[in-house]
Amino acid sequence: MENELLAIVSVLLLLSAVVGAQPGKFTFLQEASSSASSNEEYDYIVVGGGTAGCPLAATLSEKFKVLLLERGGVPYGNPDIERIEMFVHNLVWTNATSPAQAFISEDGVINRRPRVLGGGTCLNAGFYTRASQEFIQKAGWDEKLVDESYSWVENVVAFAPELKQWQSAVRRGLLEVGILPDNGVTYDHLIGTKTGGSIFDSNGHRHTAADLLKYANPSSIKVMLHATTNKILFTADSERPRAYGVVYTDTSGMEHRAVLNSNPRSEVILSAGALGSPQLLMLSGIGPEEHLKAFQIPVIMNAPNVGQGMADNPMNAIFVPSPKPLEVSLVEVVGITSFGSFIESASPALGITMISSVPPPLRTPSFIQAVQNQLQEMSSYLPRTGVLMEKVDGPVSSGYLKLRNTDPHDNPAVRFNYFSDTQDLNKCVQGIQLIQRVIGSSSMTSFTYVNPEEIPEPMLKFVSLLGNLLPLDTSNRIAMETFCRATVNTIWHYHGGCQVGRVVDDSHRVIGVNNLRVVDGSTFLSSPGTNPQATVMMMGRQVYGCEYPQGTWIRLLISI
């Protein structure tokens, strides 16, 4: 009895330490259902409290009155979000209100989108790395301001991981096979091998974009939780439509309105992500005219490029049965190749969320559920299974997003057209061939079976349920291309739908509309760096500005 009491006390102390170290619910957070109707007006209404929306709203609140609308709840106090060892459970466990909302692209790849304050930073594998200089220059961003804005983010959410055995071996293996130079520990995007940052601290605790709300001015910001935006409101009192507010619903289904004040520079800003922002534009009457009419949506403006350019960086995973248990680690090391492929790893198999044992069209929800049930029965083999992943830079292949219905809670239809461009397929083939060399390197010897026949039969079955070992013949070009197509998966870096130059201008204003912008990954032409989260958070800090009568841009960066 005494030992049981001591165990309970230890657990309570641990939970107390974890929770106590985190910011509580900020005083400006409130449930949309508890908000009484008011005549409040705002300088800015930000739709989406995610990776871009949280830093954006915090920054704007330093100077202006801001309303942030988030369709999910808070990440705080949820161990599935906060703890590194619960990462897989956080992605696999989905229902009508879970932080992860499942969707299946028309390609057949099962995916996730966030539904929580902090957005994708509450679901992802945590890797923190900046965009390349080339990406920043092409975007036309001020490099000094970008650097300061990255630092603003990093002071709160980025940490240097302490590599353990598996990640250290993968790192040595990448160097051994020639992914040079050794770039040490850095957030910068550099060709070669590096240890990047992580939003998980040394205690395995996740930090998210929601934490950046600590920078907000509490007297100038209001954050509504479980507030799903139905549509943007427009006036037609000028030659161009002008956004003046939004309609949103709470969990009871009650509708609320939020409106901008009379300041001519006040704006509605969409930060609802690569699925949410183009979907909301369409639901509000901005999109391809015939498509909107098919759903009896009044057309505010015919914008055929809304929903176009949807892309998701294809990822292919190779599972590695190990003769000994592996530490719990997510992505900490990356090999950045000169041919446009990124090599990353995790242990135990992050791939339990990336089942690819059959081609995408056969990965039905019932099939995935059946596989996951079998994997649970064989879970004793999970600690002995690592994964190496190849991710295609860019990519060049792209598709589209369309409405399925007019319900803003539902997922739109999306197709990414993985590997429709042979450039992406070439990168995948080279990347998988590189992974073969890493696995066969002397650096990985202690984590691999020298003779595949020594792998226990139950472990082989476990790995085959997950997906794939190395192809038998990586020199066979046709076989490798087939392998890439059949085992393609996602690493949740989808983007596009409101791209710069097609839907928004260089300042992120929606083309042809007044007082409306989009600031999130839907504006990207390609994915920045090996993981976009650092750049999306940075965007929320630096990209946004207010145009003053003189025509100059005043960046809303305030040195901290």
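Colleague: Before we start, what should I know about how the model is read?
Modeller: Residues are numbered from 1 along each chain as its sequence is written, and side-chain values use heavy atoms, with hydrogens and water left out. As the model is predicted, totals for chains, interfaces and linings use all residues, while side-chain atom pairs count only at pLDDT 80 or more and local features need pLDDT of at least 70.

Colleague: How many residues does helix H11 have, and what span does it reach?
Modeller: Helices are DSSP runs of H or I with at least four residues, strands are E runs of at least two, and both are numbered from the N terminus. The expected span of a helix is 1.5 Å times one less than its number of residues. Helix H11 covers residues 422-439, and the expected value of 26 Å is close to what the model shows.

Colleague: Which elements do the buried residues of H11 pack against?
Modeller: Buried means under 20% relative accessible area, exposed means over 50%, and partly exposed lies in between, using a 1.4 Å probe and protein chains only. Among the buried residues of H11 are Leu 425, Cys 428, Val 429 and Ile 432. Contact means heavy atoms within 4.5 Å. The buried residues of H11 pack against helix H7 (165-176), strand E19 (314-321), strand E21 (341-346), strand E22 (385-392) and helix H13 (477-486).

Colleague: How are H11 and H13 oriented: roughly parallel or roughly perpendicular?
Modeller: Axes are lines fitted to C-alpha atoms, for helices over the stretch in contact, and angles run from 0 to 180 degrees between N-to-C directions. Angles under 35 degrees count as roughly parallel, over 145 as roughly antiparallel, 65 to 115 as roughly perpendicular and the rest as oblique. The axes of H11 and H13 cross at roughly 100° and come within 9 Å. That makes the pair roughly perpendicular.

Colleague: What classes of residue make up the contact of H11 with H13?
Modeller: Ala, Val, Leu, Ile, Met, Phe, Trp, Tyr, Cys and Pro count as nonpolar, Asp, Glu, Lys and Arg as charged, and the others, Gly among them, as polar. From H11 come Leu 425, Asn 426, Cys 428, Val 429, Ile 432 and Gln 433, which meet Arg 477, Met 480, Glu 481, Phe 483, Cys 484 and Arg 485 in H13. By class, this contact of H11 with H13 has three charged, two polar and seven nonpolar residues.

Colleague: How do H10 and H12 run: roughly parallel or roughly antiparallel?
Modeller: Helix H10 (residues 365-377) packs on helix H12 (residues 457-466) with axes 10 Å apart and an angle of about 150°. H10 and H12 are therefore roughly antiparallel.

Colleague: Which residues of H12 does H10 meet?
Modeller: On the H10 side, the contact uses Val 371, Gln 374 and Leu 375. Their partners in H12 are Lys 461, Phe 462, Leu 465 and Leu 466.

Colleague: Where is Gln 499, and is it buried or exposed?
Modeller: Gln 499 sits in the loop between strand E25 (489-490) and strand E26 (516-518). Leaving aside neighbours within four places in sequence, Gln 499 has contacts that include Gln 308, Val 504 and Phe 524. At 6% relative accessibility, Gln 499 counts as buried.

Colleague: What is the omega of the peptide bond from Gly 394 to Pro 395?
Modeller: Pro 395 is placed in the loop between E22 and strand E23 (399-402). The peptide bond from Gly 394 to Pro 395 is cis, with omega near -10°.

Colleague: And what is the omega of the bond from Ser 347 to Pro 348?
Modeller: Pro 348 belongs to the loop between E21 and H10. The bond from Ser 347 to Pro 348 is cis, and its omega is near -20°.

Colleague: What is the phi of Asn 515?
Modeller: Asn 515 is found in the loop between E25 and E26, and it is buried, with a relative accessible area of 12%. Although Asn 515 is not a glycine, its phi is positive, at about 65°.

Colleague: How far apart in space are Gln 436 and Asn 302?
Modeller: Gln 436 is in helix H11 and counts as partly exposed at 29% relative accessibility. Gln 436 and Asn 302 are 134 residues apart in sequence, and their C-alpha to C-alpha separation in space is 49 Å.
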